[in-house]
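Open the model in your viewer and keep the selection tool ready. This tour goes from the whole chain to single residues.

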Amino acid sequence: MSSYIIEGGKRLEGEVNISGSKNASLPIIAASILNNNVTKLYNVPNIHDTQITLEILKILGCKIGKKSDKIVIDSRNMKKTEIPEDLMRQMRSSVVLAGAIIGRFKEAKISYPGGCDIGARPIDLHLKGFRKLGIEVEEESGFIKCKCEKIIGNTIHLDFPSVGATENIMLASALAEGETIINNAAMEPEIEDLQNMLNRMGAKITGAGTNIIKIVGVKSLKEVSYTVMPDRIEAGTFLCAGAITEGKIKLNNVNVEHIAPVINKLEECGCKIEILKNSVKLEAPKKLKNVDIKTMPYPGFPTDMQSVFATVLTVSKGTSIVVENIFENRYKYTNELKRMGAKITVEGKTAVIKGVKRLNGTKVTSTDLRGGAALVLAGLQAKGKTTVNNIEYILRGYENLDKKLSMIGAKIKQI
Ligand code: EPZ
(Lines give C-alpha, C1' and ligand atoms only; values in the text may rest on other atoms or scores of the structure.)
Protein backbone atom coordinates (compact mmCIF):
# COMPACT_ATOMS: atom_id res chain seq x y z
CA MET A 1 0.00 0.00 0.00
CA SER A 2 1.34 3.47 -0.86
CA SER A 3 1.26 6.60 1.28
CA TYR A 4 1.53 10.38 1.04
CA ILE A 5 3.90 12.20 3.38
CA ILE A 6 2.78 15.80 3.91
CA GLU A 7 4.57 18.66 5.69
CA GLY A 8 1.70 20.96 6.79
CA GLY A 9 1.48 24.74 7.06
CA LYS A 10 2.41 25.74 3.51
CA ARG A 11 0.17 28.38 1.92
CA LEU A 12 -0.96 27.21 -1.55
CA GLU A 13 -0.31 29.76 -4.31
CA GLY A 14 -0.35 29.42 -8.08
CA GLU A 15 -2.27 27.82 -10.95
CA VAL A 16 -3.64 24.28 -11.39
CA ASN A 17 -5.00 22.68 -14.57
CA ILE A 18 -8.02 20.53 -13.76
CA SER A 19 -8.25 17.10 -15.45
CA GLY A 20 -11.20 15.51 -17.24
CA SER A 21 -14.09 14.16 -15.19
CA LYS A 22 -13.80 10.64 -13.75
CA ASN A 23 -17.57 10.33 -13.38
CA ALA A 24 -18.26 11.50 -16.93
CA SER A 25 -15.50 9.33 -18.42
CA LEU A 26 -16.78 6.00 -17.08
CA PRO A 27 -20.23 5.99 -18.77
CA ILE A 28 -18.74 7.65 -21.88
CA ILE A 29 -16.13 4.87 -22.20
CA ALA A 30 -19.00 2.37 -21.76
CA ALA A 31 -20.93 4.10 -24.58
CA SER A 32 -18.09 3.22 -27.02
CA ILE A 33 -19.46 -0.35 -26.95
CA LEU A 34 -22.68 0.77 -28.63
CA ASN A 35 -21.39 2.05 -31.98
CA ASN A 36 -19.64 -1.18 -33.05
CA ASN A 37 -17.05 1.19 -34.45
CA VAL A 38 -14.21 3.53 -33.45
CA THR A 39 -14.49 6.07 -30.62
CA LYS A 40 -11.84 8.74 -29.98
CA LEU A 41 -11.93 10.30 -26.50
CA TYR A 42 -9.99 13.34 -25.28
CA ASN A 43 -9.41 14.68 -21.73
CA VAL A 44 -10.04 11.28 -20.09
CA PRO A 45 -8.10 11.37 -16.78
CA ASN A 46 -5.39 8.73 -16.45
CA ILE A 47 -6.57 7.28 -13.12
CA HIS A 48 -7.18 3.80 -11.75
CA ASP A 49 -10.93 3.80 -12.46
CA THR A 50 -10.56 4.70 -16.15
CA GLN A 51 -7.68 2.21 -16.50
CA ILE A 52 -9.85 -0.59 -15.05
CA THR A 53 -12.77 0.31 -17.34
CA LEU A 54 -10.53 0.21 -20.41
CA GLU A 55 -9.02 -3.09 -19.15
CA ILE A 56 -12.51 -4.60 -19.03
CA LEU A 57 -13.29 -3.41 -22.58
CA LYS A 58 -10.03 -5.01 -23.75
CA ILE A 59 -11.01 -8.32 -22.10
CA LEU A 60 -14.41 -8.12 -23.82
CA GLY A 61 -12.61 -7.89 -27.17
CA CYS A 62 -12.28 -4.17 -27.87
CA LYS A 63 -9.01 -2.74 -29.23
CA ILE A 64 -7.70 0.10 -27.05
CA GLY A 65 -5.09 2.61 -28.23
CA LYS A 66 -3.62 5.39 -26.09
CA LYS A 67 -1.80 8.35 -27.64
CA SER A 68 -0.75 11.48 -25.72
CA ASP A 69 -4.11 13.07 -24.95
CA LYS A 70 -6.32 10.67 -26.87
CA ILE A 71 -7.84 7.25 -26.18
CA VAL A 72 -9.02 5.24 -29.20
CA ILE A 73 -11.53 2.42 -28.60
CA ASP A 74 -12.44 0.07 -31.46
CA SER A 75 -15.42 -2.05 -30.43
CA ARG A 76 -15.87 -3.81 -33.80
CA ASN A 77 -14.32 -7.08 -32.62
CA MET A 78 -16.02 -7.13 -29.26
CA LYS A 79 -17.59 -10.55 -28.66
CA LYS A 80 -17.79 -11.20 -24.93
CA THR A 81 -20.72 -10.03 -22.84
CA GLU A 82 -19.60 -11.16 -19.37
CA ILE A 83 -17.61 -8.84 -17.09
CA PRO A 84 -14.93 -10.74 -15.11
CA GLU A 85 -15.85 -10.94 -11.42
CA ASP A 86 -12.50 -9.77 -10.05
CA LEU A 87 -12.59 -6.57 -12.14
CA MET A 88 -16.25 -6.01 -11.24
CA ARG A 89 -15.25 -6.19 -7.58
CA GLN A 90 -12.43 -3.71 -8.06
CA MET A 91 -14.80 -1.05 -9.29
CA ARG A 92 -18.53 -1.10 -8.63
CA SER A 93 -19.23 1.62 -11.18
CA SER A 94 -18.46 -0.92 -13.91
CA VAL A 95 -22.15 -1.78 -13.50
CA VAL A 96 -22.70 0.99 -16.06
CA LEU A 97 -21.00 -1.24 -18.66
CA ALA A 98 -23.94 -3.63 -18.31
CA GLY A 99 -26.35 -1.15 -19.91
CA ALA A 100 -24.05 -0.67 -22.90
CA ILE A 101 -23.38 -4.40 -23.33
CA ILE A 102 -27.11 -5.17 -23.21
CA GLY A 103 -27.87 -2.24 -25.50
CA ARG A 104 -25.72 -3.76 -28.22
CA PHE A 105 -25.75 -7.53 -27.59
CA LYS A 106 -29.16 -7.94 -25.87
CA GLU A 107 -27.41 -9.91 -23.12
CA ALA A 108 -24.90 -9.37 -20.30
CA LYS A 109 -23.57 -11.19 -17.25
CA ILE A 110 -22.09 -9.25 -14.33
CA SER A 111 -21.34 -10.08 -10.74
CA TYR A 112 -23.08 -8.11 -8.04
CA PRO A 113 -21.04 -4.89 -7.76
CA GLY A 114 -21.21 -5.09 -3.97
CA GLY A 115 -21.15 -2.13 -1.62
CA CYS A 116 -18.14 -0.03 -0.81
CA ASP A 117 -17.02 2.09 2.09
CA ILE A 118 -19.72 4.72 1.73
CA GLY A 119 -22.76 2.50 1.82
CA ALA A 120 -24.62 -0.55 0.55
CA ARG A 121 -25.03 1.05 -2.90
CA PRO A 122 -27.74 -1.29 -4.23
CA ILE A 123 -28.54 -1.41 -7.96
CA ASP A 124 -32.25 -2.18 -7.66
CA LEU A 125 -33.18 0.93 -9.67
CA HIS A 126 -30.84 -0.12 -12.48
CA LEU A 127 -32.42 -3.59 -12.65
CA LYS A 128 -35.98 -2.24 -12.40
CA GLY A 129 -35.19 0.02 -15.35
CA PHE A 130 -33.81 -2.89 -17.38
CA ARG A 131 -36.93 -4.97 -16.67
CA LYS A 132 -39.15 -2.09 -17.85
CA LEU A 133 -37.23 -2.19 -21.13
CA GLY A 134 -38.24 -5.83 -21.63
CA ILE A 135 -34.92 -7.23 -20.42
CA GLU A 136 -35.07 -10.46 -18.42
CA VAL A 137 -32.95 -10.05 -15.28
CA GLU A 138 -32.00 -13.09 -13.24
CA GLU A 139 -30.14 -12.68 -9.96
CA GLU A 140 -28.50 -15.82 -8.66
CA SER A 141 -25.63 -16.46 -6.22
CA GLY A 142 -23.92 -13.14 -6.68
CA PHE A 143 -24.36 -13.00 -10.44
CA ILE A 144 -26.82 -11.02 -12.54
CA LYS A 145 -27.76 -12.38 -15.96
CA CYS A 146 -29.65 -10.13 -18.39
CA LYS A 147 -31.06 -11.10 -21.75
CA CYS A 148 -33.85 -10.25 -24.20
CA GLU A 149 -34.96 -10.68 -27.79
CA LYS A 150 -35.14 -6.94 -28.29
CA ILE A 151 -35.20 -3.86 -26.12
CA ILE A 152 -38.51 -2.04 -26.17
CA GLY A 153 -38.69 1.62 -25.18
CA ASN A 154 -40.86 2.38 -22.13
CA THR A 155 -41.55 4.99 -19.48
CA ILE A 156 -39.46 4.48 -16.34
CA HIS A 157 -39.98 6.33 -13.06
CA LEU A 158 -36.93 6.34 -10.76
CA ASP A 159 -37.77 6.24 -7.03
CA PHE A 160 -34.54 8.20 -6.49
CA PRO A 161 -32.65 10.31 -9.07
CA SER A 162 -29.83 7.75 -9.22
CA VAL A 163 -26.90 8.87 -11.42
CA GLY A 164 -25.84 5.33 -12.31
CA ALA A 165 -29.36 4.09 -12.97
CA THR A 166 -30.07 7.09 -15.24
CA GLU A 167 -26.86 6.44 -17.20
CA ASN A 168 -27.50 2.69 -17.45
CA ILE A 169 -31.03 3.21 -18.81
CA MET A 170 -29.76 5.75 -21.36
CA LEU A 171 -27.10 3.29 -22.54
CA ALA A 172 -29.50 0.32 -22.69
CA SER A 173 -32.23 2.24 -24.57
CA ALA A 174 -30.19 4.20 -27.16
CA LEU A 175 -30.63 1.35 -29.71
CA ALA A 176 -34.04 0.20 -28.45
CA GLU A 177 -37.22 0.00 -30.52
CA GLY A 178 -39.39 3.00 -29.69
CA GLU A 179 -39.15 5.75 -27.14
CA THR A 180 -37.97 5.67 -23.51
CA ILE A 181 -38.80 8.35 -20.94
CA ILE A 182 -36.91 8.52 -17.65
CA ASN A 183 -38.90 10.39 -14.99
CA ASN A 184 -37.12 11.69 -11.90
CA ALA A 185 -33.83 11.31 -13.79
CA ALA A 186 -30.57 12.44 -12.17
CA MET A 187 -29.60 15.97 -13.32
CA GLU A 188 -25.84 15.81 -12.72
CA PRO A 189 -23.61 17.41 -15.42
CA GLU A 190 -22.09 13.99 -16.16
CA ILE A 191 -25.50 12.89 -17.48
CA GLU A 192 -25.50 15.82 -19.91
CA ASP A 193 -21.97 14.92 -21.03
CA LEU A 194 -23.11 11.35 -21.74
CA GLN A 195 -26.15 12.63 -23.69
CA ASN A 196 -23.93 14.94 -25.78
CA MET A 197 -21.50 12.14 -26.60
CA LEU A 198 -24.28 9.67 -27.50
CA ASN A 199 -26.00 12.27 -29.71
CA ARG A 200 -22.65 12.93 -31.40
CA MET A 201 -22.73 9.19 -32.23
CA GLY A 202 -26.21 9.61 -33.75
CA ALA A 203 -28.45 8.86 -30.76
CA LYS A 204 -31.63 10.87 -30.23
CA ILE A 205 -31.63 11.91 -26.57
CA THR A 206 -33.06 15.09 -25.04
CA GLY A 207 -33.63 16.43 -21.53
CA ALA A 208 -30.34 15.54 -19.78
CA GLY A 209 -29.76 18.12 -17.05
CA THR A 210 -33.49 18.13 -16.28
CA ASN A 211 -35.44 15.44 -14.41
CA ILE A 212 -37.14 14.10 -17.55
CA ILE A 213 -34.96 12.48 -20.24
CA LYS A 214 -36.32 11.19 -23.56
CA ILE A 215 -34.45 8.59 -25.61
CA VAL A 216 -35.79 7.82 -29.10
CA GLY A 217 -34.23 4.49 -30.11
CA VAL A 218 -32.20 4.46 -33.35
CA LYS A 219 -31.03 1.57 -35.55
CA SER A 220 -27.29 2.10 -35.22
CA LEU A 221 -24.64 4.52 -33.96
CA LYS A 222 -21.51 5.74 -35.72
CA GLU A 223 -17.86 6.61 -35.17
CA VAL A 224 -17.35 9.55 -32.79
CA SER A 225 -14.70 11.87 -31.34
CA TYR A 226 -15.52 13.49 -28.01
CA THR A 227 -13.84 15.59 -25.32
CA VAL A 228 -14.88 14.76 -21.75
CA MET A 229 -16.01 17.60 -19.45
CA PRO A 230 -13.73 18.87 -16.63
CA ASP A 231 -13.87 17.14 -13.25
CA ARG A 232 -16.07 19.29 -10.99
CA ILE A 233 -15.12 17.34 -7.85
CA GLU A 234 -11.38 17.67 -8.48
CA ALA A 235 -11.99 21.42 -9.00
CA GLY A 236 -13.94 21.64 -5.72
CA THR A 237 -11.21 19.70 -3.94
CA PHE A 238 -8.50 22.15 -5.08
CA LEU A 239 -10.62 25.18 -4.15
CA CYS A 240 -10.97 23.69 -0.65
CA ALA A 241 -7.21 23.06 -0.53
CA GLY A 242 -6.69 26.77 -1.24
CA ALA A 243 -9.27 27.70 1.39
CA ILE A 244 -7.80 25.52 4.16
CA THR A 245 -4.24 26.85 3.64
CA GLU A 246 -5.16 30.59 3.52
CA GLY A 247 -4.09 30.27 -0.11
CA LYS A 248 -4.44 32.19 -3.34
CA ILE A 249 -4.96 29.86 -6.31
CA LYS A 250 -6.31 29.81 -9.86
CA LEU A 251 -7.90 26.75 -11.46
CA ASN A 252 -7.86 26.39 -15.27
CA ASN A 253 -10.07 24.13 -17.47
CA VAL A 254 -13.08 24.26 -15.18
CA ASN A 255 -16.78 24.53 -15.99
CA VAL A 256 -17.66 27.15 -13.38
CA GLU A 257 -21.41 26.47 -13.56
CA HIS A 258 -20.80 22.88 -12.40
CA ILE A 259 -19.09 24.02 -9.20
CA ALA A 260 -21.52 26.82 -8.32
CA PRO A 261 -22.81 25.09 -5.13
CA VAL A 262 -19.25 24.75 -3.80
CA ILE A 263 -18.24 28.31 -4.79
CA ASN A 264 -21.33 29.64 -3.03
CA LYS A 265 -20.37 27.91 0.24
CA LEU A 266 -16.72 28.97 0.00
CA GLU A 267 -17.86 32.60 -0.37
CA GLU A 268 -20.03 32.15 2.73
CA CYS A 269 -16.85 31.00 4.52
CA GLY A 270 -15.24 34.31 3.61
CA CYS A 271 -13.24 33.32 0.51
CA LYS A 272 -12.93 35.84 -2.31
CA ILE A 273 -13.81 34.14 -5.61
CA GLU A 274 -13.26 35.58 -9.08
CA ILE A 275 -14.97 33.81 -11.98
CA LEU A 276 -13.34 33.94 -15.43
CA LYS A 277 -14.39 32.13 -18.60
CA ASN A 278 -12.97 28.64 -17.99
CA SER A 279 -11.08 29.50 -14.82
CA VAL A 280 -11.79 30.44 -11.24
CA LYS A 281 -9.60 32.30 -8.73
CA LEU A 282 -9.85 31.87 -4.96
CA GLU A 283 -8.26 33.99 -2.26
CA ALA A 284 -8.79 32.65 1.25
CA PRO A 285 -9.20 34.79 4.37
CA LYS A 286 -6.89 34.47 7.38
CA LYS A 287 -9.73 32.87 9.31
CA LEU A 288 -12.64 31.01 7.68
CA LYS A 289 -16.20 31.40 8.96
CA ASN A 290 -18.40 28.41 9.77
CA VAL A 291 -21.24 27.42 7.38
CA ASP A 292 -23.86 24.66 7.26
CA ILE A 293 -23.88 22.04 4.46
CA LYS A 294 -26.63 19.69 3.27
CA THR A 295 -25.72 17.28 0.45
CA MET A 296 -28.40 16.93 -2.24
CA PRO A 297 -28.71 15.63 -5.80
CA TYR A 298 -27.45 18.17 -8.38
CA PRO A 299 -27.77 21.15 -8.45
CA GLY A 300 -27.58 20.87 -4.64
CA PHE A 301 -24.29 20.60 -2.75
CA PRO A 302 -22.54 17.44 -4.06
CA THR A 303 -22.12 14.46 -1.72
CA ASP A 304 -18.67 13.89 -3.23
CA MET A 305 -17.58 17.22 -1.74
CA GLN A 306 -18.94 16.50 1.75
CA SER A 307 -15.77 15.07 3.33
CA VAL A 308 -13.46 17.61 1.69
CA PHE A 309 -15.59 20.59 2.68
CA ALA A 310 -16.13 19.25 6.21
CA THR A 311 -12.34 19.23 6.59
CA VAL A 312 -12.25 22.96 5.77
CA LEU A 313 -14.89 23.47 8.46
CA THR A 314 -12.78 21.70 11.12
CA VAL A 315 -10.51 24.78 11.12
CA SER A 316 -13.20 27.43 10.55
CA LYS A 317 -14.36 29.75 13.35
CA GLY A 318 -17.47 28.59 15.23
CA THR A 319 -19.64 25.52 14.83
CA SER A 320 -20.81 24.03 11.48
CA ILE A 321 -23.51 21.46 10.78
CA VAL A 322 -23.12 18.97 7.90
CA VAL A 323 -25.99 16.71 6.79
CA GLU A 324 -25.23 13.83 4.36
CA ASN A 325 -28.49 13.00 2.58
CA ILE A 326 -27.25 10.75 -0.24
CA PHE A 327 -25.13 7.93 1.23
CA GLU A 328 -25.76 6.26 4.55
CA ASN A 329 -22.17 5.75 5.60
CA ARG A 330 -20.03 8.59 4.39
CA TYR A 331 -18.47 9.81 7.67
CA LYS A 332 -15.78 7.16 8.23
CA TYR A 333 -13.02 9.69 7.53
CA THR A 334 -14.10 11.76 10.57
CA ASN A 335 -12.51 9.20 12.94
CA GLU A 336 -9.17 9.88 11.26
CA LEU A 337 -9.70 13.64 11.40
CA LYS A 338 -10.40 13.39 15.13
CA ARG A 339 -7.00 11.76 15.55
CA MET A 340 -5.60 14.98 14.07
CA GLY A 341 -7.43 17.04 16.70
CA ALA A 342 -10.62 17.87 14.81
CA LYS A 343 -13.73 18.31 16.97
CA ILE A 344 -16.49 16.40 15.17
CA THR A 345 -19.57 14.65 16.57
CA VAL A 346 -21.41 12.37 14.13
CA GLU A 347 -25.01 11.43 14.83
CA GLY A 348 -26.68 9.48 11.94
CA LYS A 349 -26.74 11.75 8.87
CA THR A 350 -25.47 14.76 10.79
CA ALA A 351 -21.97 15.86 11.75
CA VAL A 352 -21.46 18.78 14.17
CA ILE A 353 -18.05 20.39 13.69
CA LYS A 354 -16.49 22.78 16.21
CA GLY A 355 -13.67 24.75 14.58
CA VAL A 356 -10.16 24.43 16.06
CA LYS A 357 -7.17 26.67 15.35
CA ARG A 358 -4.82 24.04 13.96
CA LEU A 359 -4.85 20.30 13.28
CA ASN A 360 -1.90 18.13 14.31
CA GLY A 361 -0.01 15.93 11.87
CA THR A 362 -0.05 12.19 12.55
CA LYS A 363 -0.50 8.84 10.75
CA VAL A 364 -3.98 8.48 9.21
CA THR A 365 -5.56 5.93 6.84
CA SER A 366 -7.86 6.53 3.87
CA THR A 367 -11.18 4.68 4.01
CA ASP A 368 -12.51 5.68 0.59
CA LEU A 369 -11.77 8.00 -2.33
CA ARG A 370 -13.19 11.31 -1.11
CA GLY A 371 -12.48 10.52 2.54
CA GLY A 372 -8.84 10.06 1.54
CA ALA A 373 -8.81 13.42 -0.25
CA ALA A 374 -10.15 15.01 2.94
CA LEU A 375 -7.20 13.60 4.92
CA VAL A 376 -4.76 15.10 2.41
CA LEU A 377 -6.32 18.54 2.90
CA ALA A 378 -6.15 18.09 6.67
CA GLY A 379 -2.44 17.28 6.30
CA LEU A 380 -1.88 20.45 4.27
CA GLN A 381 -3.16 22.54 7.19
CA ALA A 382 -1.87 20.46 10.12
CA LYS A 383 1.19 21.28 12.20
CA GLY A 384 4.10 18.97 11.45
CA LYS A 385 4.10 15.81 9.36
CA THR A 386 1.05 13.78 8.28
CA THR A 387 1.27 10.32 6.70
CA VAL A 388 -1.84 9.33 4.72
CA ASN A 389 -1.89 5.55 4.19
CA ASN A 390 -3.92 3.47 1.67
CA ILE A 391 -3.77 6.20 -0.94
CA GLU A 392 -4.80 3.63 -3.59
CA TYR A 393 -8.33 4.88 -2.90
CA ILE A 394 -7.25 8.43 -3.78
CA LEU A 395 -5.36 7.37 -6.91
CA ARG A 396 -8.68 5.95 -8.22
CA GLY A 397 -10.15 9.42 -8.65
CA TYR A 398 -7.41 12.08 -8.71
CA GLU A 399 -4.83 12.36 -11.52
CA ASN A 400 -1.36 13.42 -10.25
CA LEU A 401 -2.78 14.88 -7.03
CA ASP A 402 0.64 15.12 -5.31
CA LYS A 403 2.32 16.67 -8.35
CA LYS A 404 -0.44 19.25 -8.80
CA LEU A 405 -0.37 20.17 -5.10
CA SER A 406 3.45 20.42 -5.13
CA MET A 407 3.25 22.79 -8.13
CA ILE A 408 1.34 25.27 -5.95
CA GLY A 409 3.56 25.04 -2.89
CA ALA A 410 2.49 21.96 -0.93
CA LYS A 411 5.19 19.74 0.55
CA ILE A 412 3.79 16.31 -0.34
CA LYS A 413 5.41 13.19 -1.68
CA GLN A 414 4.20 9.68 -2.49
CA ILE A 415 6.07 6.66 -1.08
C1 EPZ B 1 -22.39 8.28 -8.77
O2 EPZ B 1 -22.52 7.08 -8.02
C3 EPZ B 1 -20.95 8.71 -8.62
N4 EPZ B 1 -20.07 7.68 -9.16
C5 EPZ B 1 -20.63 8.93 -7.13
O6 EPZ B 1 -19.29 9.40 -7.04
C7 EPZ B 1 -21.58 10.00 -6.59
O8 EPZ B 1 -21.35 10.14 -5.20
C9 EPZ B 1 -23.03 9.58 -6.82
O10 EPZ B 1 -23.24 9.31 -8.24
C11 EPZ B 1 -24.02 10.64 -6.38
O12 EPZ B 1 -23.77 11.83 -7.05
C13 EPZ B 1 -19.89 7.60 -10.50
O14 EPZ B 1 -20.46 8.38 -11.26
C15 EPZ B 1 -18.96 6.55 -10.99
P16 EPZ B 1 -26.43 7.03 -7.19
P17 EPZ B 1 -23.87 6.19 -8.14
O18 EPZ B 1 -26.91 5.86 -7.95
O19 EPZ B 1 -24.37 6.25 -9.53
C20 EPZ B 1 -29.04 4.89 -3.91
C21 EPZ B 1 -17.07 9.40 -6.30
O22 EPZ B 1 -16.57 9.66 -5.20
N23 EPZ B 1 -29.36 3.91 -4.98
O24 EPZ B 1 -26.86 8.41 -7.61
O25 EPZ B 1 -23.59 4.89 -7.52
C26 EPZ B 1 -27.59 4.73 -3.46
O27 EPZ B 1 -27.49 3.72 -2.48
C28 EPZ B 1 -18.33 8.56 -6.38
O29 EPZ B 1 -16.64 9.83 -7.40
C30 EPZ B 1 -30.32 2.94 -4.74
O31 EPZ B 1 -30.90 2.87 -3.66
O32 EPZ B 1 -24.83 7.04 -7.19
C33 EPZ B 1 -27.26 6.08 -2.90
O34 EPZ B 1 -27.72 6.16 -1.55
C35 EPZ B 1 -18.80 8.09 -5.00
N36 EPZ B 1 -30.59 2.05 -5.72
C37 EPZ B 1 -28.09 7.03 -3.77
O38 EPZ B 1 -29.09 6.23 -4.42
C39 EPZ B 1 -29.97 2.07 -6.94
O40 EPZ B 1 -30.29 1.23 -7.81
C41 EPZ B 1 -27.27 7.75 -4.83
O42 EPZ B 1 -26.71 6.76 -5.64
C43 EPZ B 1 -28.99 3.07 -7.17
C44 EPZ B 1 -28.70 3.98 -6.17
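**Whole chain**

Start with a cartoon view. The chain has 14 helices and 23 strands. Keep in mind that this is a predicted model.

Now show the C-alpha trace. Along the principal axes, the C-alpha atoms fill a box of roughly 65 × 45 × 40 Å. For 415 residues, a compact globule would have a radius of gyration near 22 Å; the chain has 21 Å, so the two agree.

**Surface and charge**

Display the accessible surface. Its area comes to about 16300 Å², and carbon and sulfur atoms hold 50% of that. Of the 415 residues, 57% count as buried.

Colour by charge next. There are 59 positive and 45 negative side chains. How far apart do the centres of the two sets lie? They are 4 Å apart.

**The cores**

In soluble globular proteins, nonpolar side chains tend to be buried together. Here, the largest nonpolar core has 71 residues. Select F130, I135, L171, L198 and I213, which have the most contacts inside this core.

Centre on I135. Leaving out residues up to four places away in sequence, I135 touches I102, F130, C146, K147, C148 and I151.

**Stop at I110**

Go to strand 6, residues 107-111, and pick I110. Is I110 buried or exposed? Its relative accessible area is 4%, under the 20% cut-off, so I110 is buried.

Show what surrounds I110. Beyond residues up to four places away in sequence, I110 touches I83, M88, V95, A98, G142, F143 and I144.

Now draw a distance from I110 to A185, C-alpha to C-alpha. The pair is 24 Å apart in space and 75 residues apart in sequence.

**Stop at E190**

Finish in helix 7, residues 189-200, where E190 sits. This glutamate is buried too, with a relative accessible area of 4%.

Which residues are in contact with E190, leaving aside neighbours within four places in sequence? Select S21, N23, A24, E167, M229 and R232 to see them.

Methods. Residues are numbered from 1 along each chain as its sequence is written. This is a predicted model: local features need pLDDT of at least 70, side-chain atom pairs count only at pLDDT 80 or more; totals for chains, interfaces and linings use all residues. Side-chain values use heavy atoms; hydrogens and water are left out. Helices (H or I, at least four residues) and strands (E, at least two) are DSSP runs, numbered from the N terminus. The radius of gyration is taken over C-alpha atoms; the globule rule is 2.2 Å times the number of residues to the power 0.38. Buried means under 20% relative accessible area, exposed over 50%, partly exposed in between (1.4 Å probe, protein chains only). Accessible areas come from the Shrake-Rupley method with a 1.4 Å probe; for residues, only the protein chains shown count as cover. Lys and Arg count as positive and Asp and Glu as negative; His and the chain ends are not counted. The place of a charge is taken as NZ of Lys, CZ of Arg, CG of Asp or CD of Glu. A nonpolar core is a set of buried Ala, Val, Leu, Ile, Met, Phe, Trp, Tyr and Cys residues joined through side-chain atoms within 4.5 Å. Contact means heavy atoms within 4.5 Å.
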